[in-house]
Amino acid sequence: MKREFKPADLPRWQRPLVAGAWLSFALLLLTPLVVTFETAYPFALGKAVYARTLVAIGVVLWVPLALANERFRPPRSWLLVLWGAALAIALLASATGVNLERSLWSTYDRVHGVVDSAHWLALAVVLVSIVQGGRQWRALLTLNLTVSAVVALVAISRFHGFDLPYLRDSSEITWRVSASLGSSAYLGHYALLNGLVGGGLAARLLADRPWSRGATSRAWPCVLYALAALLNFWAMALSGALGAYVALIPAAGALALAYAVFGHEKAGRRIGAGALAVVGVAGASLGFLFFVDNPLKVRAQNNPVVQRLAFASIEGRTTQTRLAAWRAGIEGIAERPLLGWGPENFIVPFGEFGTGVATTTNPHDRAHNEFIEEATAKGLLGVAAYIAIWVLTFVVVVRYIRIRQGPRAPPESRHGQALAMFIGAALVADFLLKQTLFAHTAGLLLYTLLLGFVIGLEDEMRREGTGPAMPRPVARVVERWLATAWPRVLIVPLTLGLAGAATYSSIAIYAGGKALVQFAHPRATLADLDRAIEAFPPLANSARRLFLDDLAKNWKRLRLSQSREAARLLARADIEAAAAENAEPNNWLVIHSIARLYRTVAATDPEYEDKAERYEGRALELAPNMAIAPPRP
């Protein structure tokens, strides 16, 4: 890692910029607590907009520092290079995919896409440039752990029925807790990773034997770290997220194996070996529950963990729908192997290749498996970058803990090794969880933070001469380029322009989310529809589909009682149906909404029969096995 600096070592004009960057980091870590009930999808949209805005602010504060002071430039990291290559491949896959606009901006309920990926890469660059030295990284991880403990307390409070006004109700809808994340699976993911991080921060202090004379000042922080970790594991248990339960076992196994092989002392290695055996038994027990007639079903009354494990089965509905989505994704990969269908377009191959259970479940716009998602979206090139990033991540962590093995290693090495082991275990859990889950803002934030920490380890080893370094000619070219005047003149306005555009788009998405809520009101007018469409045109199909589906549902009543109003709305529907099809011609859900409307209208106005048949035929082409559902009651 870079050597730490003191504010007094910096020129005066740089100090407020560094302080502002750190403030943006601190505020960014509050993202999991953000909920915007004034917008559609309040647990997803608000977090994404909030995080993107703070990332843009952080970049604006960082660029002058990087131009003026070499200390604040990104380290020469292969992980950063691979991350940048992955983003470039995503842009190429978007340009060659089935829908560029959706690839860039996603949807209101997901709010990801390539634009979102660019924000996380920008955050990683700023993080590894500003956060320097082990002490600063630990401060950032501690702050993140504190926020996660608050999230865990929210989850525990909601499980026990305590009233939390800012979440607008006193209890969860189901027994599976989601806290402020909006999904129990998201909570399980976020809490598991933070539980391991908290354990790592505590283990780092335990390496100093805080109970011995002269080290008692470390005992209380160690207790607080352990308490935060336990709160996170408690929240993970209450989430009922089976994926988190499963991922905990190999993550604990990886941690035990690391201690057994690379531990500093013989006692630690023996404990690691014993823990590895315990983890093996736990894994075998969970596999037994999953693949046989589950004996826990008779006891699945009050305990959320037992209740979730009791109904875990390979034949379960959730498992079968995921398998169906994976099969559709694999067929989609075979259809477009090189660059895929484009990010955020999984719904298209799901419709084209979905069969069996896939035709009777809610449509999957995600593969629920990051590897298949990457392959479907970005093809073999995207998968290559994805695998390279993960392989290099684990290579860096393992190499770091290996070279700090042995009784002769200095105490600071022992500290760093303990924390790196737990961070590595958290990344193992993250990788495995993502094979049954899809991206969410709190998880992406945490992944960026952990990968930034690993990039710091990579840079530390490079400086020691124990890790891979960038080829010197490449580094010299970059340094000479930055030393000339014209790149500096170019970079500043370019950064301000991109940050301004990013902030503007975030504000527009937020406004669109609010307008969508207003249009969903029973007394909404066409003026509300106009506002929902115009707020952020790339995501306007959310409002259009809501309008088309609502008109289909109410058409017969309107046609009989308010024929003039029905005709006016139908004329507007013709316009919006054409616009919706033009925006997403390959999205069978959009075509289904249009076909559903015209089939309903054709029952009272036969002149619409041709339109109904045309869109039904198009729906059959795009999703041959997906039935067009009638208007919802």
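Ile423 is in contact (heavy atoms within 4.5 Å) with Leu141, Val197, Leu450, Phe453 and Val454 in this predicted model, neighbours within four places in sequence being left aside. Ile423 also belongs, with Leu141, Leu192 and Leu450, to the residues with the most contacts inside the largest nonpolar core, which has 118 residues. A nonpolar core is a set of buried Ala, Val, Leu, Ile, Met, Phe, Trp, Tyr and Cys residues joined through side-chain atoms within 4.5 Å. Helix α16 (residues 441–464) gives the most to this core, namely 13 residues. Another core, of 66 residues, lies apart from it and includes Ala375, Ala543, Phe547 and Ile591.

Helices are DSSP runs of H or I, at least four residues long, numbered from the N terminus. Helix α6 (residues 134–159) contains Ser148. Ser148 counts as buried because its relative accessible area is 1%, the class being under 20%, with exposed over 50% and partly exposed in between (1.4 Å probe, protein chains only).

Val391, in helix α14 (residues 370–403), is partly exposed because its relative accessibility is 48%. Together with Phe371, Ile387 and Val395, Val391 makes a nonpolar surface patch of about 320 Å². Such patches are made of residues with over 30% relative accessible area and no salt bridge, nonpolar side chains (Val, Leu, Ile, Met, Phe, Trp, Tyr) being joined within 5 Å. A salt bridge is a side-chain nitrogen of Lys or Arg within 4 Å of a carboxyl oxygen of Asp or Glu.

Residues are numbered from 1 along each chain as its sequence is written, and side-chain values use heavy atoms, without hydrogens and water. As the model is predicted, local features need pLDDT of at least 70 and side-chain atom pairs count only at pLDDT 80 or more, whereas totals for chains, interfaces and linings use all residues.

Technical notes:
Patch = residues over 30% accessible without salt bridge, like charges linked within 9 Å, V, L, I, M, F, W, Y side chains within 5 Å. Areas by Shrake-Rupley, 256 points an atom, 1.4 Å probe, with all protein chains shown as cover. Helix = DSSP H or I, 4+ residues; strand = E, 2+ residues; numbered from the N terminus.
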